[in-house]
Each structure stands twice: as structure tokens, then as C-alpha cells.
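Trainee: Hi, could you walk me through this one while I have it open?
Mentor: Happy to, let's look at it together.

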Amino acid sequence: MTARRLRWVAWPVAAVLAAAVPAAAAATPPEATVTVNARAGLATVPDTALGVNHAVWDSQLGTDAVADLYGAAGVRTMRYPGGSYGDIYHWKDNTAPGGYVAPGTDFDTFMGGVRRAGAQPIVIANYGTGTPQEAADWVRYANVTKGYGVKYWEIGNELYGNGHYGANWEADNHADKSPAAYAAGVVAYADAMKAVDPSVKIGVVLTTPANWPDGIVAAGDTGTWNQTVLSIAGPHVDFAVLHWYPSAATAADALTKTEQVDDMIYLARDQITRYAGRPLGIALTETNTPVGMDTQPGALFAAEAYASLLENGVFTVDWWDTHNGGTALSTVAGYPDYGDSGLLSSATCLDGGCEPALNTPFAPYYGLKMLSTFARPGDQFVRAGADDPLLDVHAVRRPDGDLAVLLVNKDPVRARLVNLDYPASAVSDVFTFTNGATSITHASSWDRTVPPYSLTTVVLHPAVASVALSAPGQPTATTTDTTATISWPPSAPGVKYEVYRQAGVVSEEWGETAGTSLTVGNLVPGTRYTVNVLARDATGNLSWASPPLTLTTGAPSSSSCTVRMTDVNDWASGFVGGIHVVSPVAGDWTLTFTWPTARQHVTSGWNGTWTQEGTAVKVTSSAPLASGADVGFVADYGGPNILPTAFRLNGTLCSVG
């Protein structure tokens, strides 16, 4: 075992500490320190990153005006034929029984708009009222007859909404509406479609962690939707499909929801690996803001959501929708908001006023366009942050060595004066979108001011070009309760490798080696770690960071005590938990564990005395343990419900069984 050597690093961007703002200078914007850590590498931006939804009931689908707007915004993925319409739409005759199909919205028209915008499609194959043969014929027409090269195909839309769990909005003509039946159908669709074109990628519909009906086991089922679907269809598909519509009552609340993304995608990946037995790509093919759909909160949410999801390796994020129509007129952030989830105006008239002219972009459109000034295909996200809770920061390192920083000022009233230093570099571009604006401004210099309620991209160009040194490939790991052995593919001959753990916006060096693996010890049981590997050559040049690896330590393989926690009954915002404890300990005992997130809270318990302080939970009892004791609790959770994996009985770390 290699000893762990600790060294805290934030490189190559060092933040300059700000001086305190004098109380008398009330008009002076508060200062914020921004730190970017290029050693803490995250996902690389794919060419499918920025996506939108299109719908066959939209008369503007495929028009030059819309395609040109999307091309200018950097949209590179378009989804068709539109949400739940995917389960009633028949592509051959361009019909959707029970729904409305606008003239001139057939598949070929859609593909014309996709090509004009320089994008690629994601297509929903009709599961609800279609057949595997209909889907296979669509693949043949698209990729063999027409040569469109449609790569990504989802099998149906939100099929968990087919009535099986009570709510019924998704068309599904199958007699059996269970997750097992859907999974078997996905296998049949995948086999038929890949028989026509083996290169197509098939997507399976999952529930998003902490979003209904995640965690629920319906009558007659043996597991949740995700558990059942992945165990059956997982070996036959290529990516998982998630939708995310967070709820919030205010704009300020809505803009906090993206802090759940790391846990949400971590838990989705954990479920995929556990139940499918193999990794799958993740596509987030629908999202929108809960507040300010047409105004600045929507733009800020869009930028935050896309950046956070892409940092976590989601390969496309697709806004809902292109045109949707207004629902209610209100004032949000000082401007009219129509409750229209479209990116572009439908020119709807409501009580109190009308939307702007058809195809006028709403604020979230500029949120997407700002992302195209910030994160381009091939850029690598790196960790970034600020010491101000109302200033969110994302950063990418570009292949040419430039650094782009996205600054999201969530304060609706006050600007921020940002301190950011990039050694031997200069600002080359600054893009800004402010509240109420109808365009993005571009400048070649920056006064360090970030306006209130704004998006700002700052591009920094190094004076000295970086040395091209290949980064190591994707690391893997094996773990115990306190150790991890990390391995990676070699990047170049004659280099040494440095392994860093991400700790917020700094990095902790775990060790270095001339080999391609490193074992570290003294880790905390039941803890999640994200690491990167970098290569250094003989002259000291350091490569880019490898793709990130997230690993979780567990429990010891054997111990004097054994604990099993189960999610007995779940309702997607809380659950009944059961814990079975076995040990030769006699007399009173205390079991402790720590919730993985701050959003989980025990509200009541039985067969013991339960307390929770912060994330630490304790239950005490005197029940005999030799043959096993059972305690239970009710807990609420306000986000992804990640269960603990480390338990201590009277201070002894237990095995988990």
C-alpha cells in the first residue's frame, strides 16, 4: 500500500483575496473571490450538449426562422416529435390520433430544420400506440433510405405515467402497463431497430431520482420502475433517459435546485450500474424552470442546469420546448412573464396582454446562447466556485489552453465585483446577458463587474502556450471500507502520474507513481470521493486532468456486527426505513450512521430512541442482538435519497449484509 501524502492545490487559477468593502462605500458592489481548479477535471463537452425539443403540433417546426435562431444559439440536438406525442405519433402518415399535428411538420421537414441548424436529432419511437416493426421501419427510412444518420432513439416518453402508479397522462395501449412489460417491449424494439441499423443507440425511460415515481413499488411489482426496467432492458440499450422539472414557489428557490444535480446523477448512475450491470450514457431530454419561464430567472436556471448536468457527464440536455403558448400573465423580475415554456414566443394573447411577435426569443433562449459562448464541444469542465452564495461559477478549459468562466449572479439587485486571476493571461472576450436584455453584449475587456441577475462569460487567454502532454485515460477503482486502488491507462512513456482528490475548488494530492495504479488508505468508510489522474513529464510539464472517477468506500467484509438497511416503503419525498442489526453484544447498544446528504431527516422512529443532529443519526436500544434486532424510522428527503453504507454499533464499524 502506498502511503497517502496530502497536498492542497488550486491550480492553475489562483484567486486574489478581496479586501473588505468599507461600510461607507454602500454603492460599491460587494466583492467576490472566484477560484478555478484546472486539476479537478470534470466531463468533456460532447457535440450533443445543447439540445431543445420540437413538437409536431408546432406550425413553426422546421422553418428557416427557427432553425436559424437555433443555429445562432449553438443548439446541436433537437428532439422529435414532442414529449407525450411520441407515444401517439405515427411517422409514416404524420398523424397523432387524439392530438393535433400541424401541417408541414413531418419527419423530413423536421430533418431539414435540423440540418440547417447544424444539429442532430433525437427521435422518440412510439411505444404507447406503436409497434417494434413501425420503429424499425422508421430507422430504415431515416438511415437507409434517406441517409439521415439518426443515431439516438428513445423508446417512448414518460411511460411511468401510463396509469400503473395512479397518474395517467401517457398513452399506452398495452394491457400490461407494468415496468416489466415496458422493459420487455424495449428489448423487442431494440432488437428490431438494431437489426436494421446496428449503429443506432437505444434509450430507455427511467424515473429521475427524487422525482415521482422514483422509489415507489406498485402493487404486483417486485421492485421500483428503475430497478425493474434496468434489470430486464439494461443489457439491450445504450443510454438512459431522464426528465427533470424541479418544483419551487419563488425564483430564489428555483435557482437553488441545481445543487441537487451532483447527487441526482450519482444516484442514477449507481442504479444503472447496480441493476443494468453495465454503464449507460445519460440523456436529460426534458427540463424547464418552475418560475420565470420567459424571464431572467429562466435564463439563469437554464445556464445553471445545463452546465451542472454537463459537468456530470450527461451527454445532452434538451429544453422543453420550442413553442408552447402562454398560460398566465404575471410580472417576474420586473418584466412580463407569460407562463410559456417555449424558448420562442407563440404570440399568444392572454388576459392583460399579448406575447411579443412570433418567434421572439424569451430570456431562456439567451441562457442557452450564453452557454455556447462558454462551453464548446471538446472543452473540459473543471471545478470552480465563489465565496459568495449568490454567485455560481462554472469553468471549462479549451483545447487551445484558453479558460472560459461562466459567472451566474443570482442576486436580483446588486452587482458583484469579481476577483479572478489567471497567471500570465489576458481577457480576450466577455459576453454578458442582463435582466430585460434582448441580446448578448460582447466586449474584449472586463472591469470585473458582474451585473445583478446576469450571466457573464469571461474568456482568458494564456500568454504562454501550454505544452501538449496527453492526459491519462478514464481511471477505475476497487475499494474496501478504508482503501481504494485506482488504475488508469498509460498516457505517454517516461511520465509520472499524480492522483488528486477533488475537495471543492481545491485538490488534495493522494500520491504519485511511475506506474499506472495507486493504492491509498485511511479513507472514511461510506464516503464518496472524486479523483483525477494527471501526467507530469521530466521537465515538469503537467497534463490536463483525466476524466473524473467517483468512488465510494463501503463497509468491512467482516465485523463483530452486521447491519442491513432497507427502503421499506417510499413515496418519492420520504420513506419508511428498516434496520436489522445482529451482534453478540449484550445489554444497551447504540447504532450510529451519517446521511450522505443534508436533505435527509428522520422524523420518527420505533423500537429505539432516535435522534438526529445535522446529518448524524443515533438510535439507542436494549433489544437482544444475538439473533437480530429490528428498528425502524420514517424519514423525509428533499432531493436524491442516497442511503448510508457505513454503520457503527457502540463505535465498532459493522459489515453490511
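**Disulfides, strands and helices**

Mentor: There are two disulfides here, counting any pair of cysteine sulfur atoms within 2.5 Å as a disulfide. Keep in mind that this is a predicted model, where local features need pLDDT of at least 70, side-chain atom pairs count only at pLDDT 80 or more, and totals for chains, interfaces and linings use all residues. Residues are numbered from 1 along each chain as its sequence is written, and side-chain values use heavy atoms, with hydrogens and water left out.

Trainee: Which cysteine does Cys349 pair with?
Mentor: Cys349 is joined to Cys354, with an S to S distance of 1.9 Å. The torsion about that S-S bond is about 105°, so this disulfide is right-handed.

Trainee: What about the disulfide of Cys561 and Cys654?
Mentor: Their sulfur atoms are 2.0 Å apart. Cys561 sits in the loop between strand 29 and strand 30 (562-570), and Cys654 in the loop between strand 38 and strand 39 (655-656), so the bond ties together parts that are 93 residues apart in sequence. Strands (E, at least two residues) and helices (H or I, at least four) are DSSP runs, numbered from the N terminus.

Trainee: Which hand does the disulfide of Cys561 and Cys654 have?
Mentor: Left-handed, because the torsion about its S-S bond is about -95°. Cys561 is buried at 1% relative accessible area, and Cys654 is buried at 0%.

Trainee: How many residues of strand 22 are buried?
Mentor: Eight of its nine residues (454-462) are buried, so strand 22 is largely enclosed by the rest of the structure. Strand 17 (residues 403-409) runs antiparallel to strand 22 and is joined to it by seven bridges, with Ala404 partnering Val459. Strand 19 (residues 425-433) also pairs with strand 22 in the antiparallel sense, over eight bridges, and there Val427 stands opposite Leu460.

Trainee: How many bridges join strand 19 to strand 20?
Mentor: Three, and those strands run antiparallel. Val430 has Ala443 in strand 20 as its bridge partner.

Trainee: I keep clicking on Arg398. Where is it?
Mentor: Arg398 is in the loop between strand 16 (391-397) and strand 17. At 5% relative accessibility, Arg398 counts as buried. Leaving out residues up to four places away in sequence, Arg398 touches Thr373, Phe374, Arg376, Asp379, Ala404, Val459 and Trp544, where contact means heavy atoms within 4.5 Å.

Trainee: Switching to helices: how far apart are the end C-alpha atoms of helix 7?
Mentor: They are 21 Å apart, which agrees with the 22 Å that its 16 residues (261-276) should span at 1.5 Å a residue. That expected span is 1.5 Å times one less than the number of residues. Its buried residues include Met264, Ile265, Leu267 and Ala268. Among the elements covering the buried residues are helix 5 (225-233), strand 8 (239-244) and helix 8 (296-311).

Trainee: What happens just after helix 7?
Mentor: Gly277 takes a positive phi of about 75° there.

How values were computed: Buried means under 20% relative accessible area, exposed over 50%, partly exposed in between (1.4 Å probe, protein chains only). Two strands pair if DSSP finds at least two bridges between them.
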